[in-house]
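This briefing covers nonpolar cores and salt bridges. Please look over the sequence and structure before reading on.

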Amino acid sequence: MKNCILIIIVILLLAGCGTKDDAVPNTQVNQNSDDKLCLEASEKLIANMMDELKGQLMKAMTEDGAVNAINVCQTEAPIIAGKYSNEFITIKRVSDKNRNPENKADSSQLEILTKFAATPPPDMLTEQTWTKDSDTSKVFNYYKAIKTNQLCLKCHGALEQLEPDLKDTLTKLYPDDKAIGYEVGQLRGMFVVTIKFPEAKAALEELVAEK
């Protein structure tokens with residue numbers, strides 16, 4: 001019964017941390033065919049990544065509980081992100097208060113996070129931009145905010161409120177952990193999808209066409 005409850009918590013937690021259904025196109029971007037293709041593919045990449053990560057977490061929770069799920073986040077999440085990335089497409093999660101050093105937001109990403117953290121927060125939870133790469137290529141940058149819900153506080157709330165075994169595991173795995181102390185509704189980070197276009201076009205079309 002305990003494991004079943006933990007599995008439900010993981011599912012709801014991941015749902016609160018961003019899925020395809022939450023994505024709202026930024027109407028300030030000219031929605032031509034390239035925009036639509038890159039936007040739809042970005043949303044699908046995020047959904048696919050989270051579905052796979054959820055499956056790994058469910059297995060970990062069933063076998064060894066919440067602490068083992070933290071181990072999965074450390075080892076499997078980067079592998080899953082890499083699976084959906086290639087020479088022309090990358091997907092990752094970043095934050096200004098990162099847990100994993102690999103998820104630390106760079107200066108340009110911090111600017112986007114600042115927009116998402118505005119008071120009052122923006123209605124749009126996604127932003128898309130194009131940047132010039134060369135005379136023949138351009139880069140589509142897709143950002144989607146991740147906000148904290150009540151269940152996220154199980155691993156990202158105040159340090160003194162975390163379960164002792166979970167706290168010990170986090171301290172061992174992430175001695176410089178910054179991803180704690182959150183409250184419900186706060187911005188916890190964002191997904192970043194970067195697409196080189198038109199080099200990635202065929203792969204994007206294939207991805208969007210998948211059932």
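A residue is called exposed when its relative accessible area is over 50%, buried when it is under 20%, and partly exposed in between. By that cut-off Asp135, at 76% relative accessibility, counts as exposed. The model is predicted. Its largest nonpolar core has 29 residues, and the structure holds 6 salt bridges.

**Nonpolar cores**

- Within the core of 29 residues, those with the most contacts are Leu45, Ile46, Ile91, Val193, Ile195 and Leu204.
- At least two residues of this core come from each of α2 (33-64), α3 (66-83), β1 (89-94), β3 (138-147), β4 (187-197) and α7 (201-209).
- Helix α2 supplies the largest share of this core, 11 residues.
- Beyond its neighbours within four places in sequence, Leu204 is in contact with Leu37, Cys38, Ala41, Ile89, Ile195 and Phe197.
- A second, separate core has 10 residues, including Ile112, Phe116, Ala145 and Leu187.

- Lys138 pairs with Asp34 in a salt bridge, with the closest N and O atoms 3.6 Å apart.
- This pair links strand β3, which holds Lys138, to helix α2, which holds Asp34, 104 residues apart.
- Lys138 is partly exposed at 29% relative accessibility, whereas Asp34 is buried at 18%.
- Arg99 and Asp177 form a salt bridge at 3.0 Å, N to O.
- Arg99 is in the loop between β1 and α4 (107-116) and Asp177 in the loop between α6 (164-173) and β4, so their pairing ties together parts 78 residues apart in sequence.
- Arg99 is buried, with a relative accessible area of 13%, and Asp177 is buried, with 18%.

**An exposed salt bridge**

- Asp135 and Lys132 meet through their side chains in a salt bridge of 3.8 Å, N to O.
- Asp135 is exposed at 76% relative accessibility, and Lys132 is exposed at 66%.

Note on methods:
Residues are numbered from 1 along each chain as its sequence is written. This is a predicted model: local features need pLDDT of at least 70, side-chain atom pairs count only at pLDDT 80 or more; totals for chains, interfaces and linings use all residues. Side-chain values use heavy atoms; hydrogens and water are left out. A nonpolar core is a set of buried Ala, Val, Leu, Ile, Met, Phe, Trp, Tyr and Cys residues joined through side-chain atoms within 4.5 Å. Buried means under 20% relative accessible area, exposed over 50%, partly exposed in between (1.4 Å probe, protein chains only). Helices (H or I, at least four residues) and strands (E, at least two) are DSSP runs, numbered from the N terminus. Contact means heavy atoms within 4.5 Å. A salt bridge is a side-chain nitrogen of Lys or Arg within 4 Å of a carboxyl oxygen of Asp or Glu.
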